[in-house]
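User: I'd like to go through this structure and ask how each label gets decided. Can we take it step by step?

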Amino acid sequence: AQNVCVWSNTSTRGYNITATGSGTANAFTLASGALPAVPYTVQWASSSGQTSGTSLASGTALVGQTSSATNQDCSAGPAASASLVVGVSSSTLQSMTAGVTYNGTLTLVVAPE
């Protein structure tokens, strides 16, 4: 889990977030050459300090989020306003090859509501 700062300039401080991965069809996967792709999950919570949240589907906006941030760079007010939780299941971890580097890119797009 990672605490992050999201600020919205709308009167309601509302926003939506869309995530995409770097796997086939923008899937949330990690890759390492010819080895099988490793799936991971992405969750979002609109408050900081969370270890779980709403599951995100690649390319689908999670709407209706509200930020507690009072300034655009979180230099005043709360230092973080949301939680990003990325996970790999324990059974998937056990099937991964030790000593191998896996790579992937997770892209998050935040839009005001």
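Predicted model: local features only at pLDDT ≥ 70, side-chain atom pairs only at ≥ 80, totals over all residues.

User: What makes C5 and C74 a disulfide?

Analyst: The cut-off is a pair of cysteine sulfur atoms within 2.5 Å. Here the S to S distance between C5 and C74 is 1.6 Å, so the pair passes the cut-off. A search of the whole structure turns up 1 disulfide. As background, a disulfide is a covalent bond between the sulfur atoms of two cysteines.

User: Which parts does the pair of C5 and C74 tie together?

Analyst: C5 sits in the loop between β1 (2-4) and β2 (14-21), while C74 sits in the loop between β7 (62-66) and β8 (82-87). The pair therefore ties together parts that are 69 residues apart in sequence.

User: How many helices and strands does the chain have?

Analyst: The chain comes to 1 helix and 9 strands. Reading from the N terminus, the elements run β-β-β-β-β-β-β-β-α-β.

User: Why is β2 described as largely enclosed?

Analyst: In β2, 7 of the 8 residues are buried, so the strand is largely enclosed by the rest of the structure.

User: How do you know that β2 and β7 pair?

Analyst: Two strands pair if there are at least two bridges between them. β2 and β7 have 3 bridges, so they pass, and they run antiparallel.

User: What about β2 and β9?

Analyst: β2 and strand β9 (residues 106-112) pair over 7 bridges in the antiparallel sense. There, A19 stands opposite L108 in β9. In general, strands of a sheet pair through backbone hydrogen bonds, either parallel or antiparallel.

User: What makes β1 and β6 edge strands?

Analyst: Look at the open sheet of 4 strands, which has the order β1-β8-β5-β6 with antiparallel pairing. The edge strands are β1 and β6 (54-55), and each pairs on one side only. On the β6 side, 2 bridges join strand β5 (residues 41-45) to β6. In that pairing, the bridge partner of Q43 is S55 in β6.

**An aromatic pair**

User: How many aromatic pairs does the structure hold?

Analyst: There are 2 aromatic pairs. One of them is Y15 with W44, whose ring centres are 6.4 Å apart and whose planes stand at 85°, so the pair is edge-to-face. Centres have to lie within 6.5 Å to count as a pair, and planes over 60 degrees apart count as edge-to-face.

User: Where do Y15 and W44 lie?

Analyst: Y15 belongs to strand β2 and W44 to strand β5, so the pair ties together parts that are 29 residues apart in sequence.

User: Are these two residues, Y15 and W44, buried or exposed?

Analyst: Y15 has a relative accessible area of 1%, so it is buried. W44 has 3%, so W44 counts as buried too.

User: What makes A25 and N26 stand out?

Analyst: Their phi values. A25 has a positive phi of about 55° although it is not a glycine, and N26 has a positive phi of about 65°, again without being a glycine. Most residues other than glycine have a negative phi.

User: Where are A25 and N26 in the chain?

Analyst: A25 lies in the loop between β2 and β3 (29-30), and N26 has its place in the loop between β2 and β3 as well.

User: How much of the chain counts as buried?

Analyst: Of its 113 residues, 31% count as buried. The chain exposes about 6300 Å², and carbon and sulfur atoms supply 51% of that.

Notes
Residues numbered from 1 in each chain as written. Heavy atoms only, no water. Buried < 20%, exposed > 50% of the residue type's maximum accessible area, 1.4 Å probe, protein only. Areas by Shrake-Rupley, 256 points an atom, 1.4 Å probe, with all protein chains shown as cover. Phe/Tyr/Trp six-rings, centres within 6.5 Å; stacked < 30°, edge-to-face > 60°.
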